[in-house]
Amino acid sequence: MPLLFQRGIGSEHRAFTPTALRKLLINALAATGLTNANGEALTFSPHDFRRIFVTDAIMNGLPPHIAQVICGHKSIDTTIGYKAVYPAETIEAHRAFIARRRSAPQRGVPDPD
């Protein structure tokens with residue numbers, strides 16, 4: 001499988017070690033000077049990128065069961081737990097659900113046509 005974080009060594013592509021990734025992230029964030037709402041330096045872990053990937057992929061149409069396979073999760077519940085849910089997304093999904101329900105014929109109610 002392709003690697004998200006890789007480096008070329010000769011003609012090979014090798015994964016960065018978790019320790020190397022942590023160091024790269026710490027150094028990159030320190031260089032930006034970015035802070036959170038409390039004024040503390042931002043921190044990320046390599047695992048945060050899995051969550052970001054799953055959220056972005058599913059929000060852009062990748063079926064959750066495919067994200068599950070890519071991430072190597074045994075349970076779809078784990079994959080869905082990775083996906084962030086934003087307030088605007090919740091509202092839009094609820095409005096679309098209500099619109100579909102209103103346009104669908106009611107069970108037990110004859111269609112007027």
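**Close-up 1. Helices α2 and α3.** The axes of helix α2 (residues 46–59) and helix α3 (residues 64–71) come within 10 Å and cross at roughly 155 degrees. That angle makes α2 roughly antiparallel to α3 (angles under 35 degrees count as roughly parallel, over 145 as roughly antiparallel, 65 to 115 as roughly perpendicular and the rest as oblique). Axes are lines fitted to C-alpha atoms, for helices over the stretch in contact, and angles run from 0 to 180 degrees between N-to-C directions. Helices are DSSP runs (H or I, at least four residues), as strands are (E, at least two), numbered from the N terminus. The model is predicted, so local features need pLDDT of at least 70 and side-chain atom pairs count only at pLDDT 80 or more, while totals for chains, interfaces and linings use all residues. Residues are numbered from 1 along each chain as its sequence is written, and side-chain values use heavy atoms, with hydrogens and water left out.

**Close-up 2. Residues between α2 and α3.** On the α2 side, R50, F53, V54 and I58 meet P64, A67, I70 and C71 of α3 (contact means heavy atoms within 4.5 Å). Seven residues of this contact are nonpolar, none is polar and one is charged. Here Ala, Val, Leu, Ile, Met, Phe, Trp, Tyr, Cys and Pro count as nonpolar, Asp, Glu, Lys and Arg as charged, and the others, Gly among them, as polar.

**Close-up 3. The largest nonpolar core.** V54, I58, A67, C71 and Y82 are the five residues of the largest nonpolar core. Helices α2 and α3 each supply at least two residues of this core. A nonpolar core is a set of buried Ala, Val, Leu, Ile, Met, Phe, Trp, Tyr and Cys residues joined through side-chain atoms within 4.5 Å. Buried means under 20% relative accessible area, exposed over 50%, and partly exposed in between (1.4 Å probe, protein chains only). In soluble globular proteins, nonpolar side chains tend to be buried together.

Close-up 4. Not counting residues up to four places away in sequence, V54 touches C71, T79, Y82 and K83. K83 sits in the loop between α4 (76–82) and α5 (87–103). K83 counts as buried because its relative accessibility is 13%. Apart from neighbours within four places in sequence, K83 is in contact with V54, T55, I58, M59 and E89. T55 belongs to helix α2 and, at 8% relative accessibility, counts as buried. With neighbours within four places in sequence left aside, the contacts of T55 are Y82, K83, A84 and Y86.

**Close-up 5. L29 and T43.** L29 lies in helix α1 (residues 18–32) and is buried, with a relative accessible area of 15%. Leaving aside neighbours within four places in sequence, L29 is in contact with L34, L42, T43 and F44. T43 is found in the loop between α1 and α2 and is exposed, with a relative accessible area of 68%. Not counting residues up to four places away in sequence, T43 touches L29 and D48.

**Close-up 6. K74.** K74 is in the loop between α3 and α4. With a relative accessible area of 85%, K74 is exposed. K74 and A104 are 30 residues apart along the chain, and their C-alpha atoms are separated by 36 Å.
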